Amino acid sequence: MSNCISTPYFAAVNSIKEYNIKQTENCGKQPAAFVLTLGCQQNEADSEKIKGMAEDMGYVVSDSPDGVDLIVVNTCAIREHAEQRALSLIGQYKHLKANNPDLIIAICGCMTSRPERADLLRQSYPYVDIVFGTTALDRLPEYILNRMKGSKRIFTANEDFSVVEGLPIKRESSFKAWVSVMYGCNNFCSYCIVPYVRGRERSRTPKDIAEEVKNAVMNGYKEITLLGQNVNSYGSDTGGECDFPSLLESLAKIEGDFTLRFMTSHPKDVSDRLIAVMSENEKVAKHFHLPLQSGSDKVLKEMNRKYDSKKYLSTVEKLRAAMPDIAITSDIIVGFPGESEDDFEKTLDVVAKAEFDMIYPFIYSPREGTPAAKREDMIPDNIKSERFDRLIDLQNELSRKKNEAWVGRTLRVLVDGMSKKGNGLYTGRTDGGKLVHINSEKIKIGEFAEIKITGADTYALYSDER
Ligand code: SAH
Ligand code: SF4
Ligand code: F3S
């Protein structure tokens, strides 16, 4: 079910705006807001809405927390390290509150959706004003207004899981747009906290998604990334009238010069039709992010992933048969409880066979409340790190070979920034999502360009023709 933003939302936004206009007149300076985003693209997309709301409330969005009047930290809970990082960053804001008692500090996102972390913030971070979960984004103006009026500190748990449409969005980029197609996850992989903090799957309507994509394209956006924890199950909560392949196909028909990407796909339900829609539609980028997690069938079963290595590799084969140039990337967890040397070698074996373009390797991190965290056969840290290094060594070799195969070819690249390598070099991304360092005077950030690849290493492609 989807809802439009409510009357209390507008009332709160307007009251704060009026207050901020008066502040600007009195102090000669517009109140500012700083939004810190941790975690994945879902959080980045949410933060763009928080920034949109902040602007509507009359704040100017700042890229530094110094001297601002509102700080929002959008947290991640995927691994212990992500939570520790959030807590340490929040700790750094204590002195800002001491300098400016009117500063409002709000913490949201996946970490705050864990009751134990919300309690920790309540007890050990007294300068934090507002703590709210992933499903209450649209309530932020009300919370801020209440706190401005002197209410007690605000702590809310996730309650209303309906999809809210119509929030303003202040996009980070002027040419790359995130568009969420669904929220939440039903898969309950045994290591993963996401279903607990983001709730069950909720799909947006095809109409709302198409409007957002059309709008972005009309405003010059060149790359649209459709987001969901498992986009393959798009629509299954709304009667299955429009599934993900149909959604993708209809979005690819929108007129304009743009590329469509999507993430993430669960290997258990990549359909032949999705592969066909990808290969038949030029606008769909030839890149597939397909998290393997482990190459051992025993571990996959214990992870509750619902596919085995054979099925995984057959999907990879189908993708390459339909789209020979496709880039395939993956996530892999090393050191899942009970992972033996033999299990790990099976992962290395599948990684070698799949010939990924790139992987995101992770060391298993126990998440309280998930089934895997209760296990007693945890892998010692030194073995986890040793396996992690071996996996990276193997993938580096594969990535270098994959990248070298592009040398000599001319590719369409979306130029997206200046290269840190200096000397006026640009960076861009190929259709397959590969980073290219480009030495050219004829290209412009935010536009597509035809680029001849002249070099490659493990991490990037290079184009060195002026
Ligand atoms: N929905 C996506 C992934 C979301 S989380 C999917 O299913 O593929 C991104 C990645 O973080 C996961 O693919 C997994 O590799 C990793 N991850 C999740 N929980 C983890 C944990 N407890 N420890 C280490 N890595 C984890
Ligand atoms: Fe986590 Fe699995 Fe859901 Fe991905 S599919 S978010 S790994 S539970
Ligand atoms: Fe994303 Fe982290 Fe939440 S990976 S969904 S922000 S737990």
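My entries on these two topics follow.

**Conventions.** I worked on a predicted model, in which local features need pLDDT of at least 70, side-chain atom pairs count only at pLDDT 80 or more, and totals for chains, interfaces and linings use all residues. Residues are numbered from 1 along each chain as its sequence is written, chains are lettered from A and ligands numbered from 1 in the order written, and side-chain values use heavy atoms, without hydrogens and water.

**Ligand 1.** I found 15 residues around ligand 1, among them Gln 229 and Asp 331; a residue counts here if one of its heavy atoms lies within 4 Å. This shell comprises seven nonpolar, four polar and four charged residues. I then looked up polar contacts (pairs of N or O atoms within 3.5 Å). A ligand nitrogen lies 2.8 Å from a polar backbone atom of Ser 365, and a ligand nitrogen is 3.1 Å from a side-chain N or O atom of Arg 79. Because domain 2 (173-285) and domain 3 (297-404) both contribute residues to the shell, ligand 1 lies between them.

**Aromatic pairs.** My search of the whole structure returned 10 aromatic pairs, meaning ring centres within 6.5 Å, with planes under 30 degrees apart stacked, over 60 edge-to-face and the rest tilted. Phe 188 and Tyr 196 are edge-to-face, at 5.3 Å between centres and 85 degrees between planes. Phe 244 and Phe 262 are also edge-to-face, since their centres are 5.2 Å apart and their planes at 70 degrees. Both Phe 244 and Phe 262 are buried (under 20% relative accessible area, 1.4 Å probe, protein chains only).

Terms used: Polar contact = N/O pair within 3.5 Å; in protein donor to acceptor, adjacent residues only side chain to side chain. Nonpolar A, V, L, I, M, F, W, Y, C, P; charged D, E, K, R; others polar. Domains from an automatic or database assignment. Phe/Tyr/Trp six-rings, centres within 6.5 Å; stacked < 30°, edge-to-face > 60°. Buried < 20%, exposed > 50% of the residue type's maximum accessible area, 1.4 Å probe, protein only.
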